[in-house]
Amino acid sequence: MKQLAFFVDAAACSGCKTCQMACKDKHDLPVGQLWRRVYEVAGGGWEARGAAWMSSVIAYHLSVGCNHCERPICVEVCPSGATRKREDGIVLIDGDRCLGCGYCRWACPYGAPQYDERRGVMGKCHLCYDEIDAGRPPICVSACPMRALEVGELADLRSLHGAVADTYPLPEQGHTSPALVIKPHPGATMTDQAALSIINREEVGREGR
Amino acid sequence: MRVDDWSLILFTLLTKTVVGAFVTLAIVHWRMSRAGERETADGLARRSLPLLGCLLVLAVLVSLAHLGNPLRAGYAFGNLASSWLSREVLLVCLVAGCGAVLGLMLWTSWGPGSLRRTLAALTGVLGLALIFAMSRVYMLATVPPWDRLATPLAFFSTTALLGVLTVTALVATFGGASASEGVRRLLHRLSLFLLGLIGLRLVTILVAALPVAGEPVSSPVPWAPTLQAVLLVIAAVVLWSAKGRERNPSFLGVLATLLVGGAELLGSVLFFASYWRVGV
């Protein structure tokens, strides 16, 4: 089965958030909703190494939308069947069938489904399927000035870039098998994850109940 | 707490009460019938079922408040293959439907007794299946505090506790307690059973209070489970002191009901407040 996926080059991402804004603009999202979020991650400090004090401070950005998981928990739990997976692996919410119960929001470990108070339904990144169907990349990919985002076949992306999909702050990928490939920022692999934190929590919010 | 939280808290509590009371009522009816008090048992069931039906309808109406689009609630049957929420909605409807038919049969004295007993047993089984489905709704693999055995244990013990307490009140109100020695004995047994259920509920509170690996923050109200347990222990003491009193035990019964009801409401609030999910 075909499975479209995102590739995120976190080592190249400058954190400009053009992807986030382009997505918000294209989909006319209200204040408080971001279908693509850029997490600002930072950590480290001064460390004693022998007689010297060395700085281990690191910071990086990670751009995350819906990962159109191979085993999408949102599709599994949705009571109405409004959330479904297309032939090409894109996970969609049918706004005309959604009850707005928010169950998918409870379950998704990426905080992708978000409640749209204007319509009383859930919404999320649908990989700009209209652009995909027209043979163009999603708006976030087109907009990225660093070319840090790509979309393609999951198998192809993995053969090119490896199979990492769970650098901090993302959960381990066993929960839902996200269709995501990350080239981690060097700081994400060199630093103890317990020393890292999201420093723009107010901006990216915390989906859930 | 948010409006949709309260909607779900009230829905789960009311549904557990109705299912627990229905199953207990069915057992009480069976025992009383065997003891030669079928008339009293039928009277109790006839008066109680409409009340339980109203409570279940109220629960369903309250649950609609957490939907962004309540008018689309009919779509909730759309994913029975994999969604426990879909299965829960279907089971609520089946329990309400079977209960309504049974109530009508009792009120109109229509149909043979064997058919009524079969329908009552079916409704009870569907009710227990509903409580199981309801607990599974919350057992999400990405929500560790809810995805453990304590969740169904707590749901079933609450169902039994609230159900037996409700039926104790119904028997005392509708059962003609002053006229029947059998009913008095039944009330006594139900009180003893309640004490055992309170013990079981205390165990589930203890299990649910155990920390989960990876929990990011501790509870802002760590004393709340202790308060819940204390309320239940006081209720047990009240029930114990009431059981020997032949005359006018209603004040102590009401007090025990308020204590258990308060403890279960607090327990539901704590359950929803314990939510945290893995990931971002």
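Visitor: Which residue stands opposite Phe6(A) in strand 11 of chain A?
Guide: Leu180(A) stands opposite Phe6(A) there. Strands (E, at least two residues) and helices (H or I, at least four) are DSSP runs, numbered from the N terminus. This is a predicted model, where local features need pLDDT of at least 70 and side-chain atom pairs pLDDT 80 or more, while totals for chains, interfaces and linings use all residues. Residues are numbered from 1 along each chain as its sequence is written, with chains lettered from A and ligands numbered from 1 in the order written.

Visitor: Okay, and which way do strand 1 and strand 11 of chain A run, parallel or antiparallel?
Guide: Parallel, and four bridges join strand 1 (residues 4-9) to strand 11 of chain A.

Visitor: What's the order of strands in that sheet?
Guide: It goes 10-1-11 in chain A, three strands in an open sheet with mixed pairing (a pair needs at least two DSSP bridges). Strand 10 (149-153) and strand 11 (180-183) of chain A are the edge strands, each pairing on one side only. From one strand to the next, the twist averages 20 degrees (angles run from 0 to 180 degrees between N-to-C directions, with axes fitted to C-alpha atoms, for helices over the stretch in contact).

Visitor: Which helix lies across those strands?
Guide: Helix 6 (residues 154-161) of chain A lies across strand 1, strand 10 and strand 11 of chain A. Helix 6 runs at about 120 degrees to strand 10 of chain A.

Visitor: Switching topic: how many residues does each chain put into the contact between A and B?
Guide: Chain A gives 29 residues and chain B gives 24 (contact means C-beta atoms, placed from the backbone, within 7 Å). On the chain B side, 12 are nonpolar, 10 polar and two charged (Ala, Val, Leu, Ile, Met, Phe, Trp, Tyr, Cys and Pro are nonpolar, Asp, Glu, Lys and Arg charged, the others, Gly among them, polar).

Visitor: And inside chain B, how do helix 3 and helix 4 cross?
Guide: The axes of helix 3 (residues 84-108) and helix 4 (residues 113-138) of chain B come within 8 Å and cross at roughly 155 degrees. That makes helix 3 of chain B roughly antiparallel to helix 4 of chain B (over 145 degrees is roughly antiparallel, under 35 roughly parallel, 65 to 115 roughly perpendicular, the rest oblique). Their contact has 20 nonpolar, three polar and four charged residues.

Visitor: What about helix 4 and helix 5 of chain B, at what angle do they pack?
Guide: About 140 degrees, with the axes of helix 4 and helix 5 (residues 150-174) of chain B 9 Å apart.

Methods: Contact = placed C-beta atoms within 7 Å.
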